Number of protein chains: 2
Amino acid sequence: MAGRTNTPGQTVSRRLLSVLDCFDVAHPALSLTEVATRSGLPVSTARRLINELRDWGGLERLADGRYRIGMRLWTIGTLAPQQRGLREAALPYMHDLFQATQENLQLTVLEGTQALCIEKISSTKAVPTHTHIGGRLPLHATGVGKAILAFSGEELLRAVVEPGLTRMTPHTITQPGRLAAVLNEVRRSGVAYSYEEMTLGAVSVAAPILRLDGGVRGALGIVAHSRAALDRLAPAVRTAALGITRSTH
Amino acid sequence: MAGRTNTPGQTVSRRLLSVLDCFDVAHPALSLTEVATRSGLPVSTARRLINELRDWGGLERLADGRYRIGMRLWTIGTLAPQQRGLREAALPYMHDLFQATQENLQLTVLEGTQALCIEKISSTKAVPTHTHIGGRLPLHATGVGKAILAFSGEELLRAVVEPGLTRMTPHTITQPGRLAAVLNEVRRSGVAYSYEEMTLGAVSVAAPILRLDGGVRGALGIVAHSRAALDRLAPAVRTAALGITRSTH
């Protein structure tokens, strides 16, 4: 999160971008006062920047006077190559996997030290998940996160472990040594599991989508109700992830 | 397209946004010189603004020195409510429809005087289409466009007809009187067709997604190979669009 403090030397551009930074999944609609508070900008400055963004189409004004992100930013955002190429390559495989399993699917990429969900397919019949497209998941507590972490090298693992592994449920792995052992197993088997480590009542299995050079592009995961289901789903998710890996080269 | 001319009185914010406006589906990667040319900014100004956007995560630098839209803008764009709510409501219906038909599906909303594609499901078996997510389609030449136009009132129709109806293929409707008659039929039947009016070899059928007040939220369309297929697909697309309409209230 940027924009919580604003120094006098900050450029106009930086201030404009700090207005955009106020909005996230937890705060999709904000009043002028909330934007000023969250960005650290004076209300008069926030008002002027909001109006410029609004004229351009980057923000929309709601009937209650609050503001939301506008379609212009959505359209520009669709051009981001990291999600665009992977998403288009992955979708046919995700649809096949969804037809075969009818479970929730998540396609994620690494962003910073978290997994960013760039696509999902949800079934009304499947276990409810709180993952949104554009939402972030911790690497150490999710199947998709562990699949990315296992194939990303020591530097990322250190960055994840160093601030401490946040306990999401009683089942979350919080000991670095145990996490390292689990990641060894992920590298060996090619699939990563989460047993209620992120959300009680939800388990997941995921497989990495790799680059030819051995680096990781992202991970594809299935979220299900029970551990028993995972044994059946693991070969399917691994097969789909391998298909995506192959089709993106 | 904005940003082709830059006046001295233009604000810094407007210049920053004009850098973003340089990028579109046809120009997803641009060099510094291309950004300067397309935005009308001096190279030194373009370089400074590009660097600020890059530090923030809004642009990424490619190995060849060109720039592309970054994941930060994608993440912020996913918050746009117009696509977010409709897309999440529509996806389960789109997956059902895809399972039943295995044809290309498009979910669109009105943006300005065009249909903006906010979601698609493509089959490797279906007719190839050139529609991208974030891409725009003319209202008068496509099934989704006519479905939106038919339920949007006279003002939009005038804005579409006034500059002249562009001929996309020999089958495109270019006479305002004929378009008006076709739109009457769309209002009567609840579905809109395009018979090779946008692309030779591709036909489509679409249905509007309506608001309770009678306005239109968007349209769902199927693109197929032959007119014969459309007769079979029309009830399916209309049923799915009605389901989405109902689930968003």
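Analyst: Between chain B and chain A the count is four salt bridges, a salt bridge being a side-chain nitrogen of Lys or Arg within 4 Å of a carboxyl oxygen of Asp or Glu. The model is predicted, so that local features need pLDDT of at least 70 and side-chain atom pairs count only at pLDDT 80 or more, while totals for chains, interfaces and linings use all residues. Residues are numbered from 1 along each chain as its sequence is written, chains are lettered from A and ligands numbered from 1 in the order in which they are written, and side-chain values use heavy atoms, with hydrogens and water left out.

The side chains of R72(B) and D21(A) meet in a salt bridge, at 2.6 Å from N to O. Side chains of opposite charge can pair when their charged atoms come close. Over all chains, the same rule gives 18 salt bridges.

The contact between the chains draws 52 residues from chain B and 52 residues from chain A, where contact means heavy atoms within 4.5 Å. About 4700 Å² is buried between chain B and chain A, and carbon and sulfur atoms give 63% of this area; buried area is the accessible area (1.4 Å probe) that two parts lose on being put together, summed over both. M71(B), W74(B) and L79(B) supply 15% of the area that chain B buries against chain A, more than any other three residues.

Helices of the two chains also meet; helices (H or I, at least four residues) and strands (E, at least two) are DSSP runs, numbered from the N terminus. The axes of helix α1 (residues 12-21) of chain A and α1(B) come within 9 Å and cross at roughly 70°. Axes are lines fitted to C-alpha atoms, for helices over the stretch in contact, and angles run from 0 to 180 degrees between N-to-C directions. α1(A) and α1(B) are therefore roughly perpendicular to each other; angles under 35 degrees count as roughly parallel, over 145 as roughly antiparallel, 65 to 115 as roughly perpendicular and the rest as oblique. Here V12(A), S13(A), L16(A) and L17(A) meet V12(B), S13(B), L16(B) and L17(B). By class, this contact of α1(A) with α1(B) has six nonpolar, two polar and no charged residues; Ala, Val, Leu, Ile, Met, Phe, Trp, Tyr, Cys and Pro count as nonpolar, Asp, Glu, Lys and Arg as charged, and the others, Gly among them, as polar.

α1(B) also meets α3(A): their axes come within 10 Å and cross at roughly 35°. L49(A), E52(A), L53(A) and W56(A) of α3(A) touch S13(B), R14(B), L17(B), L20(B) and D21(B) of α1(B). The contact of α3(A) with α1(B) comprises five nonpolar, one polar and three charged residues.

Within chain A, helix α2 (residues 32-39) packs with helix α3 (residues 43-56) at an angle of about 110°, with their axes 9 Å apart. That makes α2(A) roughly perpendicular to α3(A). L32(A), V35(A) and A36(A) of α2(A) make the contact with V43(A), A46(A), R47(A) and I50(A) of α3(A). These residues of α2(A) and α3(A) divide into six nonpolar, no polar and one charged.
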